[in-house]
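User: I am new to this structure and would like to learn how its features are read. Please begin with the basis of the description.

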Amino acid sequence: GNDLITKGKYLQAQAILRQVAPGYEGIQTTLSRLKNAMAQEAEEYYIKGVKFFLKEQLRDAVEAWQMTLKLNPDHPKAVQDIENANNIIDRLKVVN
């Protein structure tokens, strides 16, 4: 798990660490480290999504925000921003 965290493979690390018994020595520290790393990367993807949105690259924005949610399902803004971008995409389809 630690090697995967170090390599930035957070989702793989999470899948492996979920299988480890909660009382296993050092697991809580590793899980905390993983959670912090995933939250940081989720925020980086969120910001990428905002930049794409501002450049009117809506599909790229949605993809970045979906990755945000994979890393942090409780992200406070990503769900709403995906909905907003998809609504704009739908309206643009009607206009064209």
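This is a predicted model: local features need pLDDT of at least 70, side-chain atom pairs count only at pLDDT 80 or more; totals for chains, interfaces and linings use all residues.

Analyst: Residues are numbered from 1 along each chain as its sequence is written, and side-chain values use heavy atoms, with hydrogens and water left out.

User: At what angle do the axes of helix H3 and helix H4 cross?

Analyst: Helices (H or I, at least four residues) are DSSP runs numbered from the N terminus. Axes are lines fitted to C-alpha atoms, for helices over the stretch in contact, and angles run from 0 to 180 degrees between N-to-C directions. Here the axes of H3 (residues 27–54) and H4 (residues 58–71) cross at roughly 165 degrees and come within 8 Å. H3 is therefore roughly antiparallel to H4, a term for angles over 145 degrees. The crossing of H3 past H4 is left-handed, meaning that the near helix is turned anticlockwise from the far one by less than a right angle.

User: Which residues make the contact between H3 and H4?

Analyst: Contact means heavy atoms within 4.5 Å. H3 contributes residues including Met38, Tyr45, Tyr46 and Phe53, while those of H4 include Leu58, Trp65, Met67 and Leu71. For classes, Ala, Val, Leu, Ile, Met, Phe, Trp, Tyr, Cys and Pro count as nonpolar, Asp, Glu, Lys and Arg as charged, and the others, Gly among them, as polar. This contact of H3 with H4 has 13 nonpolar, two polar and four charged residues.

User: How do H4 and helix H5 cross?

Analyst: The axes of H4 and H5 (residues 78–95) cross at roughly 155 degrees and come within 9 Å. These two helices are therefore roughly antiparallel to each other, and their crossing is left-handed. Among the residues that meet are Val62 and Trp65 in H4 and Ile82, Ile89 and Leu92 in H5. The contact has eleven nonpolar, three polar and three charged residues.

User: What is the packing angle of helix H2 and H3?

Analyst: H2 (residues 10–17) packs against H3 at about 150 degrees, with the axes 10 Å apart. That makes H2 roughly antiparallel to H3.

User: How is a pocket read, and which residues line the largest pocket?

Analyst: Rolling a probe the size of a water molecule over the atoms shows where empty space is left. On a 1 Å grid over the protein atoms alone, a pocket is an open set of points where a 1.4 Å probe fits, with protein on both sides within 12 Å along at least five of seven lines; lining residues have an atom within 4 Å of a point. The lining of the largest pocket includes Gln14, Arg18, Lys35, Met38 and Asp74. H3 gives the most to this lining, with four residues.

Notes:
Angles under 35 degrees count as roughly parallel, over 145 as roughly antiparallel, 65 to 115 as roughly perpendicular and the rest as oblique.
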